[in-house]
Amino acid sequence: MAAGWVGLGGAMVVGAVILACGAPGSVPSAAVTVADAYAAEPLSRETGAVYLTIENAGSRPDTLLGASTPIAAMTHLHRMAGPGTAQMRSQEVAEVPAGGSLRLRPGGLHLMLLSLTSQPRAGDTIDLTLRLQHAGTLAVRVPVVSYLEVGERAAVGEPVNPR
Ligand SMILES: [Cu+2]
């Protein structure tokens with residue numbers, strides 16, 4: 001449905017806001033946890049990016065529905081539009097496979113913070129709340145790191161954008 005397009009560092013045209021409905025009354029599940037969360041130090045108050053891994057030790061898949069933080073008016077899940085382009089495309093949700101993980105990483109699926117109300121610096125921490133279909137809400141403290149460190153982390157690890 002939603003298809004917002006964004007140029008890296010450029011002007012932004014955003015499509016539909018994700019109005020994720022949490023599942024009221026859903027039972028929180030310790031099976032779903034968040035690891036390795038970090039945010040790139042924002043260059044301006046326009047956007048910021050958060051990377052993290054959601055691990056699902058349970059036997060049923062879960063779905064990341066959305067996220068919120070006091071420092072941004074809204075957040076979008078973005079993925080890179082394709083190889084060799086810096087364009088990003090919004091997507092509404094992302095699956096966390098049973099017995100597997102969903103990785104948000106530089107160059108792949110990531111969480112974009114839009115219209116920041118403050119501009120955190122490397123060394124600061126962002127409070128982030130993730131909303132999942134079955135696990136409910138997960139509070140995450142996200143350390144802000146420099147772009148140099150983002151590059152170092154991106155150079156380690158898994159294939160780009162496996163999903
Ligand atoms: Cu993005």
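Asp 36 is partly exposed, with a relative accessible area of 44%. This is a predicted model, and I will start with the charged pairs. Asp 36 forms a salt bridge with Arg 153, and the closest N and O atoms are 3.3 Å apart.

Arg 153 has another partner. Its side chain meets that of Glu 149 in a salt bridge, 3.1 Å from N to O. Glu 149 and Arg 153 are four residues apart in helix H1, so about one helical turn separates them. Glu 149 counts as partly exposed, at 29% relative accessibility. Put together, Asp 36, Glu 149 and Arg 153 are linked in a network of salt bridges.

How many salt bridges are there by this rule? The count comes to three. Asp 127 counts as partly exposed at 41% relative accessibility, while Arg 141 counts as exposed at 60%.

S11, residues 125-132, and S12 run antiparallel and are joined by eight bridges. A hairpin of three residues connects S11 to S12. Within this pairing, Leu 130 stands opposite Leu 138 in S12. S12, residues 136-145, also pairs with strand S3, residues 32-40, in the parallel sense, over two bridges. On that side, Ala 40 has Val 145 of S12 as its bridge partner.

Next, the nonpolar cores. Which residues have the most contacts inside the largest core? They are Ile 54, Leu 128, Leu 130 and Leu 132, in a core of 28 residues. Leaving out residues up to four places away in sequence, Leu 128 touches a list that includes Val 50, Leu 52, Ala 67, Leu 111, Leu 138, Val 140 and Val 142. Ser 68 and Thr 69 are also among the residues that Leu 128 touches. Another core, of six residues, lies apart from the largest one; Tyr 38, Ala 40, Tyr 51 and Val 150 are among its members.

Last, the metal. What are the protein donors of the copper ion? They are His 78 through ND1, Met 88 through SD, His 110 through NE2 and Met 112 through SD, at 2.1 to 2.4 Å from the ion. In sequence, the donor residues follow the spacing H-x9-M-x21-H-x1-M. His 78 lies in strand S6, residues 72-80, and Met 88 in strand S7, residues 88-91, so this pair ties together parts that are ten residues apart in sequence. His 78 and Met 88 are both buried.

On the geometry, the angles among the four donor atoms run from 83 to 129°, and the site is irregular. The tetrahedral class asks for all angles between 85 and 135 degrees, so the 83° end of the range rules that class out. For reference, the ideal angle for four tetrahedral donors is 109.5 degrees.

Terms used: Residues numbered from 1 in each chain as written. Predicted model: local features only at pLDDT ≥ 70, side-chain atom pairs only at ≥ 80, totals over all residues. Heavy atoms only, no water. Donors = N, O, S within 2.8 Å, 3.2 Å for Na, K, Ca; no water. Tetrahedral: all angles 85-135°; square planar, octahedral: opposite > 155°, others 65-115°. Buried < 20%, exposed > 50% of the residue type's maximum accessible area, 1.4 Å probe, protein only. Core = buried A, V, L, I, M, F, W, Y, C linked by side-chain atoms within 4.5 Å. Contact = heavy atoms within 4.5 Å. Pairing = 2+ DSSP bridges. Salt bridge = Lys/Arg side-chain N within 4 Å of Asp/Glu carboxyl O.
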